[in-house]
Amino acid sequence: MRLQLPPLTSSWVTKVSVTTYVLVFLLLVRIHEVLPASPSKEDALKEGIDLDGAWSDLETITRMPHPYNSKYNEVVREYLLNRVREIASHHPIVEVSDDFFTNISYVEDKFMGVYVEGSNILVKIQGRNKTLPGVLFSAHFDSSALALGATDDGMGIVSLLSLIKRLGTKQPLRTALFNLNNGEEDNLCGSHTFFQHPWSTVADTFLNVEGAGSGGRPILFRASSAGVVEAFRHTRRSHGTVISSDAFSLGLIKSMTDFEVYASRGGMKGLDVSFYFNRDKYHTMDDTVTTLGGKDPLWEILKLTKDVGRYLTNVENHGGEIRPIYWDSKSSTMYDIIFSQLAVLGRVMIVFGMDVIYSSPYPIIMWITSLIMISLLLPLNIAAKRNGNDVSSFKTLISAQYFIFSAALVLGYTQMLKNLGFGGFYFLGILHVGAAFAFILDLGSRAWSLYYSSVDTSLALEETDEAAQPLLDIPRDSGARLAIRREATRPPASGNLWLLEFFVSAVPISILVLQLVLVVSAGLGQTIADGSSPTIVYAGLTVLIYFAIIPLAPFAHLLSRKAFLVVAIILIVTSSYNYFAFPFSENKRVKFFYTQNLDLDTVANHVQLLGVQPALRKALVGIPSTREPEANLTWSTDPIRGLGEAKWSSLLPRTKETTTAWNDMVISSARRLDADTAIFTVRGRETKSCMLRFDQNIIEVHVRRAGANYDYTSIPIFSGNGTETIPGSNYFMPPNGIPLIQLFSREWDTTFEIKVRWNNTEISSQSTWYSWRFFFKREERWPRRTGRIGCQWQEYLEGTLPALDELFTHLPKWATLTVKKPLLTADRAFAI
């Protein structure tokens, strides 16, 4: 029995194309949206994971916000310290270090000096082979000031607790280090102080567990080398794509993780794993155990950490330093159409649906898809029918152009990868292979059709010769014999293999690219609230969907007019929805960034909110303090994030001690030592954090506690003689100095002593000549140095910040608050 493939007709091409793409997309959506159910307590214990115990730990540490500079942070730290000590008491190979002794000074982002007194909790599990470098596992237990921190980074912490217990029971080959670090939300302090600890030299590989969303599936955000990515081949449902790493490089994700410190400062190779769903709840009061929707997300990270940790600690070789390109496996006329339509689409994106992707990604995906089909496939359909091309010949022509186009893309991508290290277009290789195989099948089908035509002609001539013979000489079965011979030489599927061509070119690339579409829409769609460019997000989705649709180009002329009519209706409906729908809701709330500043000299008090416009203007309409005559509400644009900025005089903060005036909450002094050196002291009540801002950059910083009998902790000065361990490291003072210093103590009410030096090149310009009768004297006047000095508060207790309470009470239900660090700054001017 011969295999009969469907004929190359409009009906069959339309049905096969629509069915294939719809089924692939629905399958990917289900994998993307639905987590496997977590196992029962008994089944989890069989895999060595105490799921209920981890859930209990998570509930304990997320009862209140617990930033570094808060009382509940100390409660969480004490709880975790007791937990690891309890584990160590049952496993002799587990050693705990209560790190209350490491201090460090460094430069962050090349403009801000940071002094930190560490308070990490470190755990070491000695490996069987002491000669092999160890593996570091890291997560932070502090939260943002206005977040409970269930996902960021409570689940990361409890997954490390589970792994400590697991490796303590079964000794690994390599030594395992655990850094339960404090202060990640404040300039990545916990990972920086780690490198001052004696154990920091043990490891050369790391796994950092983070949270940049709330719940969902954890993803491999970044990886520093291909060798460590191998660990993800040993966990179930591994999820990751190098495009997320490229998003960090391009600044689309405006978050930093400890990965930067371990990889750059420490020169370690490692992995950055994070949650990325529901970024609208990230760093807000909605990041709770309740919004996780059950234990399924926790089980995912517990299982992943266990599998990856077991692999990293039990292999002798972690591979080389090759840059990784990784992904998981779920997911002529033509040139002009492709590139011109991309430009048109880019302009259309500016008008329609700019923010609606925040809460409704699927209408946006359908809109872009329909727009691409109308702009790319419909012109090909019309051109083929207008010119009256043979359907098979037109398919071959477009297949050839598609093959050449894909080859050009691969060549361009190779150069991009070589010169820029941008690996996000790895799927172009699959695109090209599919186009090549489809083109070969098409050519083979046409060659076989030509051969069949020649055989058919030969048989026809033979039949004519036989017909010329006398009637009595013709075999009685000649008609049946000729029919059998025709059938034996007939090519399958009426002379073509179009169905195989379609599946080879369309299915693999659509699985890869549509999976990326879902990841990008979930991971980047809500970053517009952080200040990411929506144009880039939409352009990225457009390019990806284009590559998913392009394999339809050789068959575009056979798609039915009814199919295009349905696509046009979808385009109209989704355009209307995306244009008119309000992008935010009570379930998908937009975030505004809050901070408050109190001038201790004038008692001027200002609240600042950052947020996307026009949502920010709409939200502030109902805030009572903005309507007061003395509010002096002003609008501007934040120069860093590009978000709208509202600033107004609001309600004064209150101290915990009602008898204490705010002016007494910050005690400071300044003393000039010489023309370019001065010593400052500053102490804040009920805080661990203070700051100094200089109008003239300083080029040296030395910090210690006032009255201490130990040396200053200093930011090293790069001399250019090879003393810099990591080239380009931010640990060294930039040549032009810095304007800001942040100070973090591990104890409350600490008095900081800061010794600074300015550049002394200004002294000569300040010289003055004085005369008394005929005697002249030259006197050098020290240049005037100015700035501000004060302290900061991060702990939110109801009643202490009435302006913040007012916003939580009166903001619309579709809006919420996060912190533009810090919550509150109280400072005064200095001039010396």
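## Close-up views of a predicted model

View 1. The structure has 28 salt bridges, counting a side-chain nitrogen of Lys or Arg within 4 Å of a carboxyl oxygen of Asp or Glu. The view shows the salt bridge of Asp272 with Arg222, in which the closest N and O atoms are 2.9 Å apart. Because Asp272 belongs to strand β9 (residues 269-275) and Arg222 to strand β8 (residues 218-223), this pair ties together parts 50 residues apart in sequence. Helices (H or I, at least four residues) and strands (E, at least two) are DSSP runs, numbered from the N terminus. This is a predicted model, in which local features need pLDDT of at least 70 and side-chain atom pairs count only at pLDDT 80 or more, while totals for chains, interfaces and linings use all residues. Residues are numbered from 1 along each chain as its sequence is written, and side-chain values use heavy atoms, with hydrogens and water left out.

**View 2. The disulfide of Cys690 and Cys791.** The structure holds 1 disulfide, a pair of cysteine sulfur atoms within 2.5 Å. In the link between Cys690 and Cys791, the S to S distance is 2.1 Å. The link of Cys690 and Cys791 is right-handed, with 75 degrees about the S-S bond.

View 3. Of the 20 residues that line the pocket, Tyr21, Val22, Thr369, Met373 and Ile570 lie nearest its centre. Helices α1, α12 (361-387) and α19 (561-580) each supply at least two lining residues. The lining has 17 nonpolar, 3 polar and no charged residues. Here Ala, Val, Leu, Ile, Met, Phe, Trp, Tyr, Cys and Pro count as nonpolar, Asp, Glu, Lys and Arg as charged, and the others, Gly among them, as polar. On a 1 Å grid over the protein atoms alone, a pocket is an open set of points with protein on both sides within 12 Å along at least five of seven lines, a cavity is a set where a 1.4 Å probe fits but cannot get out, and lining residues have an atom within 4 Å of a point.

**View 4. The second largest cavity.** The volume of this cavity is about 80 Å³. Its lining consists of Arg217, Pro218, Thr235, Arg236, Arg237, His239, Trp299, Glu300, Lys303 and Leu304. Helix α10 (residues 296-312) gives the most to this lining, with 4 residues. By class, the cavity lining has 3 nonpolar, 2 polar and 5 charged residues.

**View 5. Two cis peptide bonds.** The bond from Asp152 to Asp153 is cis, with omega near 5 degrees. Asp153 is in helix α5 (residues 150-169). The bond from Lys821 to Pro822 is also cis, with omega near -5 degrees. Pro822 is in strand β23 (residues 815-831).

**View 6. The backbone at Leu188.** Phi of Leu188 is near 55 degrees, a positive value in a residue other than glycine. Leu188 is in the loop between β6 (176-181) and α6 (189-194).

Note on methods: Points joined across faces, edges and corners; volume = space filled by probe spheres on them.
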